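Visitor: Please take one part of this model and look at it closely. How is it held in its surroundings?

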Amino acid sequence: MTTTLSPERTAGPATARRSMQFILTTGLLPALLILMCVVFAIVEPRFVDGPNLLNVARQSVFLLLIAMGQMIVLINAQLDLSVGATVALTSVVVASVTAASSGGPESVLLGLGAGLLLGVVIGLLNGCIVAFWKVPSFMATLGSTSVLTGLALIISKGAPIIGLPMIFSDVLATSSVLGIPVPVLLGVVIAVGMGVFMSRTVPGRNMYAVGGNRTAALVAGINVKKTVILAFVLCSVLASLAGILLTARVGSGEASLGASFVMLSIAAAVLGGTSLFGGEGVLWRVVLGVLFLGVLSNGMNLLHVSSYIQELVIGIVLIAAVAAERLKRVA
Amino acid sequence: MTAANPLVAIRNVSKKFPGVTALSDVSFEIKRGEIHALMGENGAGKSTLIKILCGVHKATTGSVALDGAETVFDRPQDAEKGGIRTVFQELNIVPQLSVAENISLGSLPLKSGLVDRKKMLKRAADALSGLGAHLPLEARAGDLPRSSQQLIEIARALMGEARLLILDEPTASLGENESRQLMNIVTGLARRGVAILYVTHRMHEVEAIADRVSVLRDGKFIETLDAPMDEAVIVERMIGRPASSLYQHSRRDPGRELLTVSGLDSATLRDVSMSVRAGEVVGVAGLLGCGKSDLARACFGLHAIQDGGIELDGEQIAKPSPSGMLERGLVYYPSDRRTEGLVLGRPLFESMTMGSHGPAQISRKGFLRTQKESELAHSIAEELDLRPMQLDRVSGKFSGGNQQKAVLARGRLRLAKVHLFDEPTVGIDVGAKADVYRLIDNYADAGHGVVVISSDLTEIIGISDRVYVMREGRIAAHLAGSDITEENIARSFFAAAPA
């Protein structure tokens, strides 16, 4: 007891043990991601082509945005099943608004504004239902999924909404800055911003406390309801942004967009070590989780693996990843 | 009973974990049918020793002899076969199952593949009556108070042939009355020949029931003392220095009224009035379920009020909420640190500073000043003598006393003027207790108002300037000065308030 002031870590174990320790504590994910990249590069040299890598990044941005939002909600010990429907409704609304606009540069801002505002509204609704009515988020967002999907179908009458101004797709999908596509740039900037938010701001820190022990957070004077609502708003806004970018890329408003993001966003967050029970999760690891899924899917495409088999592989990877994490913790 | 060998002989047992020696060269014996108390500060190695005895850990060196025969327990089941049963502090009860089902948990009596309910009920009834306890056999275990759940666990532990029952702080979360009941049960068991290894921090329990007490300090065996025991000697052995005075209580002149509660009514409180002045330590005593904790929680906004008024430093509070009360300078320190005080899976410093970033000025415009946060957490930890000083370790890995100190940190991070301590020393060791009393005394010296809610009578008497005694949701007595005696308080627990 008297010598405990000197930390144990000055002991200095062997390097081999240390690197093993690194893999165990930092998770298998970085190691597996590197291994997978190496394997794909050997089996299919096209994988490491510049254009292909850029393509992986471009395709991963949508999932990245949504998975970051899902991570924030999961850290609060909640779950957002409505991210897919949010993407769909955003797509339909943004397409309707911009298609009806003049088609000038302001239509880009109009589309962005409408989409993000919609995200705020959806997030507020989800958050308030969970925080004030104490509906479990699983049920609340399952319900709002249905509502949002219904709205998207009503607005679009089940058909794609076309007639978006060219400039919308030009700016938000195809243009590049310094050779980096705008969506990728946006994704990187927002990922950095979210990383700072979660680790360096009071509301971010409060989310870990609320998710880790809601009662303790309340007793310590944290506004638990406000924190949870903020998490849902951030998640929906990120999903809406993904919906806007996806709409720009597809070039039309579709009520069928985004359904797969629900499962994939949870998968990416959990692959990145986010706890399903709240209080645990680090942003950069979720980025790795997204990249892992992105690389896996891209590699399998290059190898002409059928999409049916891809589904199967992703499911197995997800279960294996979570199981590995659990077993590691038990050991 | 005449066998020459002791029931359990612990010989030169050491246990090393990577980087830490938890036990070094511990030897003592446990005789048949004795109540053997095991004492020591948190971190002294009591838990490690228990875990070796019940087969969870293996000793690095040394041996354990059962009935004179050297034994190695590879698994908890081996210890169980040897007649060693353990009831840990964390109860192992399935709240959804009935009392009888919980008692037979893991060994349900079967009849042609189905549960033999009749036998199960009989078995449970026998087990409980053997303890001299009565519980509704068909009731859901989760609906019963913790003291009853503990009896379930003890009844289960005694199934089959139990020779040594290890109780790990069995009274830590029980009130005075339940504790007394449990101690009666323990003495009854010892009379039947079951040896008891009784781990506790409560000195008066040891004085009351233990035949012998073994003291550990810093992983080393210090001494085994025989009854009758002198509290001062035990404390000295535990902390390694003379126990001058555990309680700190300076003379002060109370100032203005800081907290006034008048005519408070709620689901559990009836017309409760209380006042706390600056520079005063006010004790609130009472049995479990008398509403003393709800009184503090009502003031803090955690317990809904139906009627009555709360006034904090002259300001009438219409609807208290935790964040609002903290902003106004009233801090409540919860009794259950694990469920209400800390985020167990997160680093300890986060639990220390949570909710206090603004007031402590460790954030600027919503951004954390992490460097300053860490410095502040460390300086408070040093002031409170929090050990070990690795504040980025997860909270769950710290001992009770140090977890409590982390919760107490929030009073140092903001400008507080009223402190409500709810069972501030439950389950913490003597050293940490002294630190808590020092903190409380310092607050009062600095002109703060302090309320201490406690089931520990000696503690209430030792540190309070005035004492309210509660019974069935009402203030049963209000004592000051030389009227604060154990008899007066205990009488008010049961009898009507003296006019």
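**Strand β23 of chain B**

Guide: Six bridges join β23(B) to strand β24 (residues 474-480) of chain B, and the two run antiparallel. Strands here are DSSP runs (E, at least two residues), numbered from the N terminus; two of them pair if DSSP finds at least two bridges between them. The model is predicted: local features need pLDDT of at least 70, side-chain atom pairs count only at pLDDT 80 or more, and totals for chains, interfaces and linings use all residues. Residues are numbered from 1 along each chain as its sequence is written, with chains lettered from A and ligands numbered from 1 in written order.

Take the β24(B) side. V469(B) has A477(B) as its bridge partner there. The hairpin of β23(B) and β24(B) has two residues between the strands. In that hairpin, E472(B) takes a positive phi near 45 degrees.

Now strand β15 (residues 280-286) of chain B. Five bridges join β15(B) to β23(B), and this pair runs parallel. V284(B) has Y468(B) as its bridge partner in β23(B).

Next, burial. β23(B) spans residues 466-471, and six of its six residues are buried (20 or more other C-beta atoms within 10 Å of their own, C-beta atoms being placed from the backbone). Both faces are covered. R466(B), Y468(B) and M470(B) lie on one side. V467(B), V469(B) and R471(B) lie on the other.

Notes: Buried ≥ 20, exposed ≤ 12 C-beta atoms within 10 Å, placed from the backbone. Helix = DSSP H or I, 4+ residues; strand = E, 2+ residues; numbered from the N terminus.
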